[in-house]
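Here is a short briefing for a first look at this protein chain. Please keep the sequence and the 3D view side by side while reading.

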Amino acid sequence: MAKKKRLFPGIGAKCTILTRFMKPNGGLSKEKDHRSIVVLKEFFYEGHRLCFRFNLDGDDQQKIYHSNARYVRIDSEGGIDDFFFEADKKKRHDGDAIDKAEAIMSKKKEPAIKWKHSRGRQLLYQDIMDNKVPLDPKDDLSLSLEDIFSMHAEYAEYDFGLFHGRLKSLRKTICAMNTRSEIDRRAYENYVSSHPVSLYSHGGYIQWQDSAAQKLLQEDIKNELHGKMSKFDLWSSREEYHSQIRGGKSMIYEDLQRTRVPAARVSSKANLKDNFGNDIWAITVDGVHCWIQEPTHQEFSKDTSYFSHKYNHAGLCYELGISIGSNRLVWMNGPFPAGKSDLKIFKEDGLKAMLIAKKKMCIADGGYAGSDHIHHCITPNIHDSRPVRRFKARALKRHEKFNGLIKNFHSVDCRFRHSIGKFKSVFEAICVICQY
């Protein structure tokens with residue numbers, strides 16, 4: 001519903017008043033609801049009460065009446081210069097300007113594609129990243145909001161009145177992502193400095209990649225010696241190849257095998273016993289859902305708190321944390337009803353508090369994104385440098401690989417039909433087996 005325009009009193013303004021409130025009232029109608037149309041002439045005060053003098057509309061004799069201003073309803077104004085009060089004149093000028101601006105920026109029907117997923121937002125984001133639109137509006141005061149809005153035709157599909165807020169929100173988001181990227185870069189450099197690249201394989205041999213033996217073999221292949229000699233004769237031809245033996249076979253002609261996870265003790269209690277040295281990034285964290293028999297509910301046929309969006313059935317969730325610096329499962333927390341999100345478990349059930357106490361951070365997927373724990377749980381960020389992006393991706397992929405090992409067991413990959421207490425014992429036993 002449109003906002004009704006306020007009218008101001010002045011000379012020539014037409015008003016409606018209940019006739020019984022007009023003074024003097026001699027010869028006027030005495031009916032309770034009778035109304036008269038009058039034309040204002042001037043105002044005056046009776047004590048502190050504002051009053052108007054007026055005559056009946058169309059009265060040739062111009063007989064003057066008066067009444068308290070509270071009983072007078074203004075139907076149409078006179079000229080702005082004829083307003084009784086200077087303040088009303090200023091309000092009318094300002095109000096007209098506001099109405100004109102509101103008419104220009106009147107809310108329009110926007111496309112079915114929301115602004116968040118629109119092509120217009122992508123273009124605006126790219127313009128800010130390319131410095132065509134300043135990240136800080138104070139950097140270029142000559143560029144007005146209207147100038148930015150007219151840069152691309154895609155903006156015109158959306159409401160101009162909301163464009164300022166959307167631009168401000170996008171600038172704030174980019175600033176936060178830049179800050180997060182800088183924090184992650186320092187944490188990555190800290191990790192790299194604390195974990196130099198190993199020169200030896202897990203078996204104690206020199207790494208094949210970038211080794212002198214690899215370079216010599218490339219030269220031999222270029223000279224086509226691999227076609228003229230047997231593998232054993234080629235290996236025997238150079239002393240550098242001898243250090244690449246494993247299990248009686250040469251590493252030259254076999255792919256690198258998967259490194260075996262070293263046996264380690266896994267605690268079933270949610271407790272980070274490792275202090276992780278000087279590393280800022282300590283663990284990767286993720287939730288694992290498992291399908292279970294539908295729990296009973298006192299009132300309803302199904303308990304929605306156990307609903308798992310991954311199975312579309314009732315389920316339980318375990319929170320797992322794997323050390324980044326070593327192949328060890330160092331955190332198990334659960335089980336929780338699958339309806340409880342991974343982020344809520346992280347914030348409310350101990351891991352966040354543990355990381356704060358140890359002054360460490362964890363790496364998690366996009367489901368953990370949020371502003372209130374940005375300094376304790378980091379997520380993929382498109383503003384990260386390439387090495388940081390790759391490091392996060394590799395860490396998360398390794399965690400997903402461990403989750404996949406768990407699901408090799410039929411008892412947790414299919415519906416678990418026993419009590420939650422038994423599920424806890426089975427799941428944690430499987431985690432220990434996967435760790436070994």
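Which residue in β2 stands opposite threonine 16? That residue is isoleucine 37. This is a predicted model, in which local features need pLDDT of at least 70, side-chain atom pairs count only at pLDDT 80 or more, and totals for chains, interfaces and linings use all residues. Residues are numbered from 1 along each chain as its sequence is written, and side-chain values use heavy atoms, with hydrogens and water left out.

**Overview**

- The protein chain comes to 12 helices and 13 strands. Helices (H or I, at least four residues) and strands (E, at least two) are DSSP runs, numbered from the N terminus.
- Of the 436 residues in the protein chain, 35% are buried. Buried means under 20% relative accessible area, exposed means over 50%, and partly exposed lies in between, using a 1.4 Å probe and protein chains only.
- Take the contacts between residues at least 6 apart in sequence: 60% of them join residues at least 24 apart. A contact means heavy atoms within 4.5 Å.

**Confidence**

- The average pLDDT of the protein chain is 81, and 84% of the residues score at least 70. pLDDT is the predictor's confidence in each residue, from 0 to 100.
- Residues 245-270 have a pLDDT below 50. Beyond near neighbours in sequence, this stretch has 45 contacts in the model.

**The five-strand sheet**

- Five strands form an open sheet in the order β4-β3-β2-β1-β5, with antiparallel pairing. Two strands pair if DSSP finds at least two bridges between them.
- β4 (64-68) and β5 are the edge strands, and each pairs on one side only.
- On average, neighbouring strands of this sheet are turned by 45 degrees against each other, direction ignored.
- Strands of a sheet pair through backbone hydrogen bonds, either parallel or antiparallel.

**Strand β1 and its partners**

- Strand β1 (residues 14-18) is largely enclosed by the rest of the structure, because four of its five residues are buried.
- β1 pairs with β2 (residues 35-46) over five bridges, in the antiparallel sense.
- β1 also runs antiparallel to β5 (residues 72-76), joined by four bridges.
- In β5, arginine 73 stands opposite threonine 16, and valine 72 stands opposite isoleucine 17.

**The loop between β1 and β2**

- Glutamate 31 lies in this loop. Its relative accessibility is 54%, so glutamate 31 counts as exposed.
- Arginine 20 is 11 residues from glutamate 31 along the chain, and their C-alpha atoms are separated by 7.4 Å.

**Aspartate 220**

- Helix α5 (residues 212-222) holds aspartate 220.
- Is aspartate 220 buried or exposed? Aspartate 220 counts as buried because its relative accessibility is 2%.
- Leaving out residues up to four places away in sequence, aspartate 220 touches Leu225, His226, Leu234, Arg238 and Tyr241.

**Helices α4 and α10**

- The axes of α4 (residues 163-194) and α10 (residues 386-406) come within 10 Å and cross at roughly 70 degrees. That makes α4 roughly perpendicular to α10.
- Axes are lines fitted to C-alpha atoms, for helices over the stretch in contact, and angles run from 0 to 180 degrees between N-to-C directions. Angles under 35 degrees count as roughly parallel, over 145 as roughly antiparallel, 65 to 115 as roughly perpendicular and the rest as oblique.
- On the α4 side, Asp184, Arg185, Tyr188 and Tyr191 meet Pro387, Val388, Phe391 and Lys392 in α10.
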